[in-house]
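Grab a pencil and have a look at the model below.

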Amino acid sequence: MSYSTYAYAAIAICAVVTIIIRALPFAVFGSRSLPKTVEYLGKMLPGSIMVVLIIYCLKSVSVTAWPFGIPEFACVLLCAVLQYRLKNSIPSITIATVVYMVLTRTIFA
C-alpha cells in the first residue's frame, strides 16, 4: 500500500468514526430526555479534562532551574483569568499560547 493510499484510508476511517460518534447519542436517545448520569457527565467532564491537560502540560516544568516555570505558570494563570472573564475557551487558549510563545522566545530565551 502506498503512503498516499494509507493516508487517505486513515483520514476516511477517522471521518467515519467521528460521524458515528457524533450520531450515536441521537440514535440512542432520540427525542427522549437524557438520563441524569449523562447530564452529570456532560457538566463535569469538560472541566475534568482541562485539569488533566493542564497537569500533562506542566509535568516536565522544572521549578529548580531557570526560568523556574515562570512562563508556564504565568500563562496558565492568564488563561484561567481570560476564561473567567470571557467565558470562551478559544480566545483564552489562543491568547495564552501566543503570550507563552513570546515569553519563551524573547524574555526567557
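This is a predicted model: local features need pLDDT of at least 70, side-chain atom pairs count only at pLDDT 80 or more; totals for chains, interfaces and linings use all residues.

Residues are numbered from 1 along each chain as its sequence is written, and side-chain values use heavy atoms, leaving out hydrogens and water.

**Exercise 1.** Find out how many helices and strands the chain has.

*Solution.* Start with the DSSP runs, numbered from the N terminus: helices are H or I with at least four residues, strands are E with at least two. That gives four helices and zero strands. Then read along the sequence, and you get α-α-α-α.

**Exercise 2.** Check the span of helix 3 (residues 70-86).

*Solution.* The expected span is 1.5 Å times one less than the number of residues. For the 17 residues of helix 3 that comes to 24 Å, and the end C-alpha atoms are 24 Å apart, so the two agree. After helix 3 comes K87, with a positive phi near 55 degrees.

**Exercise 3.** Work out which residues of helix 3 are buried.

*Solution.* Buried means under 20% relative accessible area, exposed over 50%, partly exposed in between (1.4 Å probe, protein chains only). The buried ones in helix 3 are P71, E72, C75, C79 and L82. Down the axis of helix 3, they fall within an arc of 95 degrees (using directions from the axis to the C-beta atoms), so they line one face of the helix. Turned away from that buried side are the exposed residues L77, Y84 and R85.
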